[in-house]
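Student: Could we go through this model together? I would like to begin with the fold and then turn to the ligand.

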Amino acid sequence: MNRTLGVCYYPEHWPEETWAGDARRMAETGLTWVRIGEFAWSKLEPSPGKLQFDWLDRAIDTLHAHGLKVILGTPTATPPRWMLTRHPDMLAVDAQRHPRKFGSRRHYCFSHPGYLDECKRIVTLLAERYGQSVQAWQTDNEYGCHDTTLSYSPAAQEEFRNWLAQRYQSPDALNTAWGNTFWSMDYAEFDEIDLPNLTVTEPNPAHVLAFRRFSSDQVVRFNRTQTEIIRRHSDAPILHNYMGRVLEFDHFDVGTDLDIASWDSYPLGFLSDRLGAGDAHKQRYLRQGDPDNQAFHHDLYRAVGAAREGAPHDGRWWIMEQQPGPVNWAPWNPAPLPGMARLWAWEAFAHGAETVCYFRWRQAPFAQEQQHAGLLRPDSQPAPALAEAAQVANELKDMPDTATHQAAVALIFDYPSAWAWDTQPQGADFTYFDLMLDTYRALRKLGLSIDILPSTTTSLKGYKLALAPGLATLPEPLKQALTDPGIVTLCGPRTNAKTAEMAIPVPLPPNLPGLDITVARVESLPPTEAIPIAVGHVIRWFEHLEGSAETFAETIDGHPVIVRNQNQFYLGAWLDQEGFVALMTDLAMLAGLEITHLPEGLRIRDTATHRFVFNYAPEPQIYEGTEIPPAGVHWTPL
Ligand code: GAL
């Protein structure tokens with residue numbers, strides 16, 4: 001497959017006479033794709049029904065004239081101001097009942113029927129006009145970004161009641177499923193059920209989980225409404241640009257309606273803004289980004305990209321927005337080390353990305369993102385990332401294909417588990433995403449390549465090691481797959497610890513066939529507490545295990561922490577990195593995997609034909625006798 005580069009471009013921000021020059025420079029840089037249009041609704045329809053598409057026709061023609069391919073975004077993340085006059089109640093409402101007002105973006109509630117109709121209208125107009133001319137489509141922009149999945153609006157309330165009626169059929173069934181007899185919370189009618197906000201103390205977790213499921217389904221419905229229209233007029237692939245660490249909707253569900261998954265990768269922004277890492281880690285990787293966070297999302301979205309075809313791990317995926325320099329939105333916004341805009345692109349390709357698009361072409365001198373770098377400065381002079389993009393484009397010409405192949409290690413990722421542990425963390429820092437990233441990080445430190453799979457996976461054939469930590473409700477087919485004696489498997493902590501209705505199952509968890517172990521009770525631990533084990537410590541979470549399974553690791557005073565029956569393991573705790581690395585080392589060796597304890601900040605990714613080595617460390621590192629400089633990328637045939 002041909003791997004390509006692209007860029008995000010906003011022709012509506014620049015005088016028309018500059019478009020041709022921009023397109024020429026894009027082509028000269030070696031870019032193939034240009035994404036446009038996703039925020040342009042007010043330019044396309046300045047007042048209701050007054051359509052102005054001629055400028056977009058010319059912009060697309062200009063890009064095409066220079067041999068560039070176009071991804072057209074539907075503009076539904078930025079409804080114009082007049083939309084609010086038409087639909088004053090279309091705004092999302094936060095849990096405190098504050099409207100999420102006009103003046104930035106994503107100011108809509110997924111459940112508002114009037115706004116949904118407006119979206120259908122504009123998407124139909126665009127699909128009719130450009131269905132045969134553009135090369136790809138993007139729906140909306142970053143669902144869920146800026147905390148916009150959950151809305152407590154009147155429209156959401158009404159839709160939630162309908163959704164509940166569909167799911168439970170009768171109020172009695174709902175009362176039983178939720179355990180509403182507790183605190184006399186029973187309902188006689190679906191219309192009595194409010195959204196789970198503004199309650200005196202915590203609402204019923206089953207109520208919250210139902211609301212989380214409903215909210216995810218609303219995103220799926222909103223997206224599907226657009227893809228159905230586009231497909232009537234176009235054969236071009238449809239994708240959406242997901243964000244990093246947004247877990248409020250099930251991306252696998254949205255993915256069933258899309259041809260390609262893409263995500264927006266801002267390694268330095270994420271490190272500063274949304275990674276639960278300590279100060280020393282943040283300082284060390286300040287200008288490179290976390291060594292595992294991008295790779296984790298690459299593997300996750302590769303799986304999401306497979307949702308439509310049901311090929312478990314190997315879907316089509318892109319980077320739709322790649323950080324080019326300092327961003328504007330994190331608490332601090334350092335510049336990347338020279339070479340990182342290249343390294344990040346290569347790491348994406350090594351994980352199977354088809355295309356990496358940089359965000360954005362030229363830095364805008366106005367409005368919210370005026371401090372956000374582009375490939376060009378506001379005065380059109382090259383910013384440092386332009387040369388790096390050109391270098392990657394050149395390197396791609398001579399590169400052998402970076403096709404992926406099935407990894408030996410599978411990690412199960414499940415969005416509803418994130419909702420379950422958000423709803424009832426039990427310990428303030430029990431965060432599903434962090435548990436997954438800690439596990440993934442330990443595997444990567446050993447040089448392993450990993451496939452991420454959804455919890456709907458029914459077969460683990462071909463894998464040697466499979467892990468399903470924190471998977472709140474273990475679906476039966478996956479449970480069976482995890483008992484395959486030919487695979488080393490690890491469940492826990494908290495795997496299978498809740499029913500689908502957010503209750504404690506009896507028999508008690510984890511209730512795994514072949515492993516006689518019961519979680520008799522659980523404790524969460526504050527950051528001041530760390531219980532030593534042979535290597536590393538138990539932190540955050542500790543389960544008291546009973547049963548006849550063999551103890552594999554225990555606390556110094558003899559409480560089992562890891563138990564096993566042959567190849568089947570259960571971890572009754574959250575471990576620090578030292579503990580996780582030690583455990584992964586043991587599991588990988590048992591599974592017969594070749595491992596390397598990599599120097600700090602060095603990471604490996606194997607494609608079907610090549611081994612890629614990336615240096616995230618701020619100092620040179622040696623890999624098998626070769627010195628790799630900071631931000632260095634090195635590849636060798638396997
Ligand atoms: C993304 C978004 C872009 C732009 C960018 C800035 O989240 O999709 O429109 O805002 O961040 O880093």
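The conversation below covers the barrel, the ligand site, some backbone details and a second sheet.

Student: Before anything else, what kind of model is this?

Tutor: This is a predicted model, and the values discussed here are computed from it.

Student: Which strands form the barrel, and in what order do they run?

Tutor: The barrel is closed and has eight strands, in the order S1-S2-S3-S4-S5-S6-S7-S8, with parallel pairing. On average, neighbouring strands in this sheet are turned by 25° against each other, with direction ignored.

Student: How many bridges join S6 to S7?

Tutor: Strand S6, residues 260-265, is joined to strand S7, residues 317-322, by five bridges, and the two run parallel. Within that pairing, Ser-262 has Trp-318 in S7 as its bridge partner.

Student: What is the distance from a polar side-chain atom of Glu-369 to an oxygen atom of the ligand?

Tutor: For Glu-369, that distance is 2.3 Å. The side chain of Asn-141 has an N or O atom 3.0 Å from an oxygen atom of the ligand. For Tyr-266, a polar side-chain atom lies 3.5 Å from a ligand oxygen atom. The ligand taken alone exposes 310 Å², of which the protein buries 98%.

Student: Switching to the backbone: which residues does a cis peptide bond join, with omega about 5°?

Tutor: That bond joins Phe-359 and Arg-360. Phe-359 is also one of the residues around the ligand. Arg-360 belongs to the loop between strand S8 (355-358) and helix H14 (384-398).

Student: And which residues are joined by the cis bond with omega about 0°?

Tutor: Pro-509 and Pro-510 are joined by that one. Pro-510 is placed in the loop between strand S12 (488-491) and strand S13 (518-524).

Student: What about the phi of Ser-380: positive or negative?

Tutor: Ser-380 is not a glycine, yet its phi is positive, about 75°. This residue lies in the loop between S8 and H14. For context, most residues other than glycine have a negative phi, and most peptide bonds are trans.

Student: Last topic. What is the strand order in the open sheet of three strands?

Tutor: The order is S20-S21-S24, and the pairing is antiparallel. From one strand to the next, the twist averages 20°.

Student: Why is one side of S20 and of S24 left without a neighbour in the sheet?

Tutor: Strand S20 (602-606) and strand S24 (633-637) are at the edges and each has a single partner strand, so one side of each has no neighbour in the sheet.

Student: Over how many bridges do S20 and S21 pair?

Tutor: S20 and strand S21, residues 610-615, pair over five bridges in the antiparallel sense. Opposite Ile-604 stands Val-613 in S21.

Notes
Residues are numbered from 1 along each chain as its sequence is written. This is a predicted model: local features need pLDDT of at least 70, side-chain atom pairs count only at pLDDT 80 or more; totals for chains, interfaces and linings use all residues. Side-chain values use heavy atoms; hydrogens and water are left out. Two strands pair if DSSP finds at least two bridges between them. Helices (H or I, at least four residues) and strands (E, at least two) are DSSP runs, numbered from the N terminus. Axes are lines fitted to C-alpha atoms, for helices over the stretch in contact, and angles run from 0 to 180 degrees between N-to-C directions. A residue is near a molecule or strand if one of its heavy atoms lies within 4 Å of it. A polar contact is a pair of N or O atoms within 3.5 Å; within protein, one must be able to donate a hydrogen and the other to accept it, and residues adjacent in sequence count only if both atoms are side-chain atoms. Accessible areas come from the Shrake-Rupley method with a 1.4 Å probe; for residues, only the protein chains shown count as cover.
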